[in-house]
Amino acid sequence: MSLLSVHELTAFYGDFQALFGVTLDVEPGEVVAIIGANGAGKSTFLRSVVGLCASAAKAALFDGRPIGGRPTHEIVTLGIALVPEGRRIFPSLTVEENLLIGGHRARPGPWSLARVYDLFPMLYERRAMSGPALSGGQQQMLAIGRALMANPRLLLLDEVSLGLAPIVVNDVYTRLSTIVGEGTTTLFVEQDVGRALSVCHRVYCFQEGRIALAGSPRDLTRAQIAAAYFGV
Amino acid sequence: MDWMNAVIQGVLLGGLYALFAAGLSLVFGIMRVVNLAHGDFIILAAFLSVVVVGVTGLGPFLSLVIVVPLMGGLGYAVQRGLLARTLDRGVLPPLLVTFGLSVIIQNLLLQIFSADDRRLDAGGISTASIGIAGQLAIGWFPVVVFLAGVLAIAGLQILFTRTALGRAFRATADDQETVRLMGIDNRHTYGLAVAIAFGIVALAGVCLGIRTTFSPDIGPGRLLVAFETVVIGGLGSLWGTLMGGVILGIAHTIGAKLDPAYRELTGHLVFLLVLLARPQGLFAKPVRET
């Protein structure tokens, strides 16, 4: 059974329809990428999964249970963690408090404060600093660590490379591969197509609120992806 | 010696003012809402204590065991049922709704309890005093109220900085959406914050009722005291709120010493001076750019 099964999901911002019947599955242990141009609905899709955008009750199943339309704080407690676009570190909290609040409703599992510090030693060194005092890359690692603290069964990542220097992006992805290597099921949105394809088992390409292409990176050609990405 | 006495009384009075202000400060700090009915809720708590004392025969201090949870529950209900509906609609709706609450509470109290002055009788402790050198004597009750104020502020400080709930409060104040991603129900968190604020309001109301007479219409005056206390101390600083209460308390007792009619006036002048010299308050933390 799929860990996450989304069927004909639609999403609206007021009168504007952002998603038109998206169907997508994530199997346990899989690493799945969502690529697509700006405004294709990638972030909206992740936000819908965790209930920050309204969706129909049967539109999303998590581990077989309908989660559509349920409040966000209930959905994430079932074992979904989202690293939001723009990181959204809590400015009033220290680095360590940001991690601790990530584990506020933690499930039992491998991740603890000590293990997150093992993965991101620079966070340990800066644990008493306030969140905004960190650099962009460090804040991104903090946001990832905060999500891991919940011991999620499904990790959602929204544009983790956005606004970061390439060398920092490499660093972030090296650590992500450690996380993924432990079998954490991951669904991530990435604008950098090459990087997305190099990490994922399967990829979905969004275009104007619909899935234009889906498959394993091995089976897809550059031309197919370019066509799905740009809609030409 | 008389002046020394006035200062000491002022400091002790500051504890009561800190109790008045703590709830206001808490609600503003977390939700950015100024509760214009804050003073009326203080008076409501005092009347609740009158009822509890009348029905159960407990003393006013023991009535807190019932009044504090009742007010806390009321706070949670007011937040979830009423204030929550106004929060995302700008600054004006919460002000109007709490102003309306103020009018409703005053008139309800007037209807039920009449305009007569009331007082909570705590027995001997309200008049007992400790003699210090010479003519200086400190009343036991003001000392107890001062300690209650210090403990309330210290308790809030510990709650905010050391506990998971306090962390959730601060994170909710920072970012209501992201906090939900942490599995925290932001509406429940707000409800709990107001419940705690109202618990302190209950304590403040009972202390006020033991200290002085009260009637249904004096709530807005207590709101003003609470408001000046918070602003003098600095928004967002709990210890600042205690210091603001002490400064305002000293201003009131010194003013009253000059002439009983100057009591409030001196307080307002000190408040205005602080606003002129340091509008962010004396003990405010530096504002962080985000």
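This is a predicted model: local features need pLDDT of at least 70, side-chain atom pairs count only at pLDDT 80 or more; totals for chains, interfaces and linings use all residues.

A: Residues count from 1 along each chain as written, chains are lettered from A and ligands numbered from 1 in written order, and side-chain values use heavy atoms, without hydrogens and water.

Q: Is strand β8 (residues 185–189) of chain A enclosed or open, and why?
A: β8(A) is largely enclosed by the rest of the structure, because 5 of its 5 residues are buried. Buried means under 20% relative accessible area with a 1.4 Å probe, protein chains only. Strands are DSSP runs of E, at least two residues; helices are H or I, at least four; both are numbered from the N terminus.

Q: Which way do the β8(A) side chains point?
A: Thr185(A), Leu187(A) and Val189(A) go one way. Thr186(A) and Phe188(A) go the other.

Q: What pairs with β8(A)?
A: Strand β7 (residues 154–158) of chain A does, parallel, over 5 bridges. Pairing takes at least two DSSP bridges. Leu155(A) sits opposite Thr186(A). Strand β3 (residues 31–36) of chain A is also parallel to β8(A), with 4 bridges. There, Ile34(A) partners Val189(A).

Q: New topic. What is the strand order in the open sheet?
A: β2-β1-β4-β5 in chain A, 4 strands with antiparallel pairing. β2 (16–26) and β5 (65–66) of chain A each have a single partner strand, so one side of each lacks a neighbour in the sheet.

Q: How many bridges join β4(A) and β5(A)?
A: 2, antiparallel. Phe62(A) faces Arg65(A) in β5(A).

Notes
Buried means under 20% relative accessible area, exposed over 50%, partly exposed in between (1.4 Å probe, protein chains only).
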